[in-house]
Amino acid sequence: MPRELKNVQVTHVSFVDKAANKKKFFLTKSADTPNFETEVKPVFKADDPKQLVYGVVYEPDVEDAHKDFMTATEIEKAAHGFMENYQNIDKQHDFETEAGKVVESYIAPADIEIGETTITKGTWVLVTKATDDMWESIQKGEFTGYSLAGTAEVEGVQKATEGI
């Protein structure tokens, strides 16, 4: 059964080391292991001297690999809470390494095309300035996406089945 995440409080966003075709992020509802994952598509310019990394953090109403999802309203609340209270950027959820700084965070006000990537309305997009070491690792393909850590209320949602 799909699970809707509500009142999400994101404390950290990490750079993760998944291969380009297996970009995933995690969000935990407690200090336990992550409780869901989904594919993400980071967008960045390889030759950017500013070391800026653009990435989709979460897309509304799209079920992830664990059948979890958030509405656009919940994503916006989570993104704003992260910016107001935390802005921690680490790597591999070590909760210690300062791997970069947030330079932009926004909720897409409409569908947007960036290169070959379509960003749908309500999607959380994050732009970070990577540290020198992290930028080098990103250029080598060792880190390819963002991963969230925080807490959430999880609610089972029964969806109508087509053809019944």
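Guide: Gladly! Contact here means heavy atoms within 4.5 Å. Helices (H or I, at least four residues) and strands (E, at least two) are DSSP runs, numbered from the N terminus. The model is predicted, so local features need pLDDT of at least 70 and side-chain atom pairs count only at pLDDT 80 or more, while totals for chains, interfaces and linings use all residues. Residues are numbered from 1 along each chain as its sequence is written, and side-chain values use heavy atoms, leaving out hydrogens and water.

Let us look at helix 2, residues 132–139. Its buried residues (under 20% relative accessible area; exposed is over 50%, partly exposed in between, with a 1.4 Å probe and protein chains only) are Met134, Trp135, Ser137 and Ile138. Seen down the helix axis, these fall within an arc of 160°, so they line one face of helix 2; the arc is that of the directions from the axis to the C-beta atoms. The face turned away from this buried side carries exposed Asp132 and Asp133.

What covers the buried residues includes strand 1 (3–16), strand 5 (52–58), strand 7 (88–91) and strand 11. Strand 11 spans residues 124–130 and holds Val125, which is buried at a relative accessible area of 2%. Not counting residues up to four places away in sequence, Val125 touches Gly55, Glu104, Ser105, Tyr106 and Ile119.

Finally, helix 2 is followed by Gly141, with a positive phi near 85°.
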